[in-house]
Amino acid sequence: MKRISILYLGLLLSLFLVACGGVDKIESEKADAKVGEDATPLSNDEEDKEADETDEVDPDDIWTYYNDATWEGDFNGLRTEIQKVVVTEKAPTLEDEDAEVSAVGVKFLVENTTDGKFTTYPDQATLVTSTGEQVDADLLLSDNLGGDIHEGVIKEGDVIFYLERGEAESIEWIKLEWTSTDIGLEEDGDYDNAYQTEEVKLELK
């Protein structure tokens, strides 16, 4: 029974991937696989057209979306994107799937565009909010984005933060902080350039 509850909770928390749209929109936001020239993904115009044709508001959706809260960074060829931020006052918990607590979700994409190896930990990020919160990511409910990123690898997923004092809907900005390491430079002893702490501030309102 506990396993069913956890699966239900994970499904509910993953709803913020749906930007008030249908399945076509979700698929269009996923990273393209590295395939041969025969596979031609939709252009942005075609994606937008399909999304417009299928957009329907889900009345049971608990999330408020900030699709313009985006960021891109490049650390020695390790490319990281924040694709959207969402908030809710009605998130369930592992202990109680009927609970309604405040939470923030952040959708990440990480890609190693080099032949080397990195470690990065956006799924262990610290969140700071305009409402005075400082909390760490929930590792149990967040997707596994951290650890070693080998050459050519793409990872994408959601990082969830539970707030201690609530008021998620009142947040005007958030700041995220996490660390990354260039393993090749670390092994070469170039410690000045091997490490990076990302600090990203995003305006929501």
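Patches are made of residues with over 30% relative accessible area and no salt bridge, like charges being joined within 9 Å and nonpolar side chains (Val, Leu, Ile, Met, Phe, Trp, Tyr) within 5 Å. The model is predicted: local features need pLDDT of at least 70, side-chain atom pairs count only at pLDDT 80 or more, and totals for chains, interfaces and linings use all residues. Residues are numbered from 1 along each chain as its sequence is written, and side-chain values use heavy atoms, with hydrogens and water left out.

**View A. Negative surface patch.** Glu95, Asp96, Glu97, Asp98 and Glu100 form a negative surface patch. Glu95 lies in the loop between strand 3 (78–91) and strand 4 (101–112), strands being DSSP runs (E, at least two residues). With a relative accessible area of 72%, Glu95 is exposed (exposed, over 50%; buried, under 20%; partly exposed, in between; 1.4 Å probe, protein chains only).

**View B. Contact of Thr93 with the backbone of Asp96.** Thr93 also belongs to the loop between strand 3 and strand 4 and is buried at 15% relative accessibility. A polar atom of the Thr93 side chain lies 3.0 Å from the backbone nitrogen of Asp96.

**View C. Salt-bridge network of Arg79, Glu81 and Glu111.** Salt bridges link these three residues in a network (side-chain nitrogen of Lys or Arg within 4 Å of a carboxyl oxygen of Asp or Glu). The N to O distance is 2.2 Å for Glu81 and Arg79, and 2.8 Å for Glu111 and Arg79. The latter pair links distant parts of the chain, with Glu111 in strand 4 and Arg79 in strand 3, 32 residues apart. Arg79 is partly exposed at 23% relative accessibility, whereas Glu81 is buried at 14% and Glu111 is buried at 12%.

Notes
Areas by Shrake-Rupley, 256 points an atom, 1.4 Å probe, with all protein chains shown as cover. Lys, Arg positive; Asp, Glu negative; His and termini not counted. Charge placed at Lys NZ, Arg CZ, Asp CG, Glu CD. Helix = DSSP H or I, 4+ residues; strand = E, 2+ residues; numbered from the N terminus. Polar contact = N/O pair within 3.5 Å; in protein donor to acceptor, adjacent residues only side chain to side chain.
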